Amino acid sequence: MGYPIYYTEQITLDEGDVDYRGLMKPSALLRCAEHMATAHAWSLGMDKAFYSARHMVYLVGRQAFQFYKVPAMRDTLTLTTYPEQNRRAVNKRVMVVCNEKGEEVARVDTRWTLVDTDSSKILRHIPEDMESRWNPQVDWELPQQVPKAAELIPAGVRRAGYSLCDTNRHINNAAYLDVVCDTLPQEVIEQGPMQYAVIKYHRQVPFGEEMELFYGQARGEGEVPGWYVTGRREGKAAFELFCHF
């Protein structure tokens, strides 16, 4: 699609990737985006040991996705990820998902930040041996602002349990979409599959800790009606999300 630096894989959706409708879960789409970013870096020799030796780690700050046609179980998909060089301490990476006909069915726009694991500070200048492996620019993007709800409805407490946490011992970025779908009322979820969401990750929720959940109606770009969901830990936002169906 016009960018020289990319990485691609093909997958077939199975039972664990879909919801009760047999359609791809939003969390499965975000897991694909996370996998593709990691697999691309690893293919270039930038594996976990590479980052560990340099006392660095990439973390997701914001993420948005759009389904144009929600894939179903047994669909074969081609995933292609396009990374962009650092801009204002953020690396954008866009994943494009196409079906067997070559039609684009989904897109994910992820904003990564490189962090010094010793100081926990964002690294604003990326080492040249890493930066040169990404495209100077990737024009595609999705809205990254999270519209808020005027009124919030309490939705209980969610613990960072075994099923939600990853090898970093905190709730996985993609797992927040499962939390959101569990938080919203059933009648909202049954309106149809989620078509779009944008999420901002504020604070990690470590394994075993809890966050309070809240939701409310909100409006996105163009006054599109949707839903705002947030989780709070120790009185501060852990994540904020806006979505529509």
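Residues are numbered from 1 along each chain as its sequence is written, and side-chain values use heavy atoms, with hydrogens and water left out. Because this is a predicted model, local features need pLDDT of at least 70 and side-chain atom pairs count only at pLDDT 80 or more, while totals for chains, interfaces and linings use all residues.

**View 1. Helix α1, residues 26-43.**
Helices (H or I, at least four residues) and strands (E, at least two) are DSSP runs numbered from the N terminus. At 1.5 Å a residue, counted over one less than the number of residues, the 18 residues of α1 should span 26 Å, and the end C-alpha atoms are 26 Å apart, which agrees. After α1 comes Gly 45, with a positive phi near 90 degrees.

**View 2. Helix α1 beside helix α4, residues 175-183.**
The axes, lines fitted to C-alpha atoms over the stretch in contact, come within 7 Å and cross at roughly 170 degrees, so α1 and α4 are roughly antiparallel (over 145 degrees, on a scale from 0 to 180 between N-to-C directions). In this contact (heavy atoms within 4.5 Å), Pro 26, Ser 27, Leu 30 and Arg 31 of α1 meet Ala 175, Leu 177 and Asp 178 of α4.

**View 3. Glu 151 in the loop between α3 (128-131) and β6 (153-159).**
Glu 151 counts as exposed (over 50%) because its relative accessibility is 66%. Leaving aside residues up to four places away in sequence, Glu 151 touches Tyr 215 and Gly 216. The C-alpha atoms of Glu 151 and Cys 98, which lie 53 residues apart along the chain, are separated by 38 Å.

How values were computed:
Buried means under 20% relative accessible area, exposed over 50%, partly exposed in between (1.4 Å probe, protein chains only). Angles under 35 degrees count as roughly parallel, over 145 as roughly antiparallel, 65 to 115 as roughly perpendicular and the rest as oblique.
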